[in-house]
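Here is a short briefing on aromatic rings and their neighbours. Look at the structure first, then read on.

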Amino acid sequence: MHTYNIDTSSLDSTILRIILMVCFVFLIFSLIILAFKIVYNWVLFKKLKREGWESLIPIYNTIIKMQVLDIPLWMIILLFIPPINIVVHICIAINMGKKFDKDLGFIIGLVFVPIIFYPILAFGKSEFHEEINGIFENVSKDTNYCTSCGTKVSGTYCTNCGKKI
């Protein structure tokens, strides 16, 4: 019976080199995507009539988006609940699309392919229209609710938080 001795050290180093190369390519690709996201978020925040640097601070940028898009701030708590946080991001995408006067197809693109559709908002010719109602504004024609705290409002100002309606 013959025994075969195979030197696996060169095979191991080749596999290690391939793994390291794939990791390096992934790292470079991730850094390019990150740089692109920073640029288009900066430009998008300028269109929202905010300072560009506000898009760089992780939780603060979401709070600013929610304020500008008239999404109740209590929904920030929902961002920390994993399955439910998707609903908040969908609400942000819907209101973003509505405030930029986009149709349903574009809003669906914002929800499912944000890496493509948010840059279109940022670098395209569309303008932010603050006066367009989002999904949390004017819930019914007879009754208004405050977009900050959700209190039923009958006048111009919320009696609970004092925000102008």
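Rings of Phe, Tyr and Trp (its six-membered ring) pair if their centres lie within 6.5 Å; planes under 30 degrees apart count as stacked, over 60 as edge-to-face and the rest as tilted. By that rule, the whole structure holds four aromatic pairs. The model is predicted: local features need pLDDT of at least 70, side-chain atom pairs count only at pLDDT 80 or more, and totals for chains, interfaces and linings use all residues. Residues are numbered from 1 along each chain as its sequence is written, and side-chain values use heavy atoms, with hydrogens and water left out.

**Phe36 and Tyr40**
- The ring centres of Phe36 and Tyr40 are 5.3 Å apart and the planes stand at 65 degrees, so this pair is edge-to-face.
- Both sit in helix α1 (residues 9-47), four residues apart, which means about one helical turn separates them.
- Helices here are DSSP runs (H or I, at least four residues), numbered from the N terminus.
- Phe36 is partly exposed at 36% relative accessibility, whereas Tyr40 is buried at 4%.
- Buried means under 20% relative accessible area, exposed over 50%, and partly exposed in between (1.4 Å probe, protein chains only).

**Trp53 and Tyr60**
- The rings of Trp53 and Tyr60 are stacked, because their planes are at 10 degrees and their centres 6.2 Å apart.
- Trp53 is partly exposed at 43%.
- Tyr60 is partly exposed at 31%.

**Charges over rings**
- A charge sits over a ring if NZ of Lys or CZ of Arg is within 6 Å of the ring centre and within 35 degrees of the ring normal.
- Lys65 lies over the face of Tyr118, 5.7 Å from the ring centre.
- Lys102 lies over the face of Phe106, 4.9 Å from the ring centre.

How values were computed:
Helices (H or I, at least four residues) and strands (E, at least two) are DSSP runs, numbered from the N terminus.
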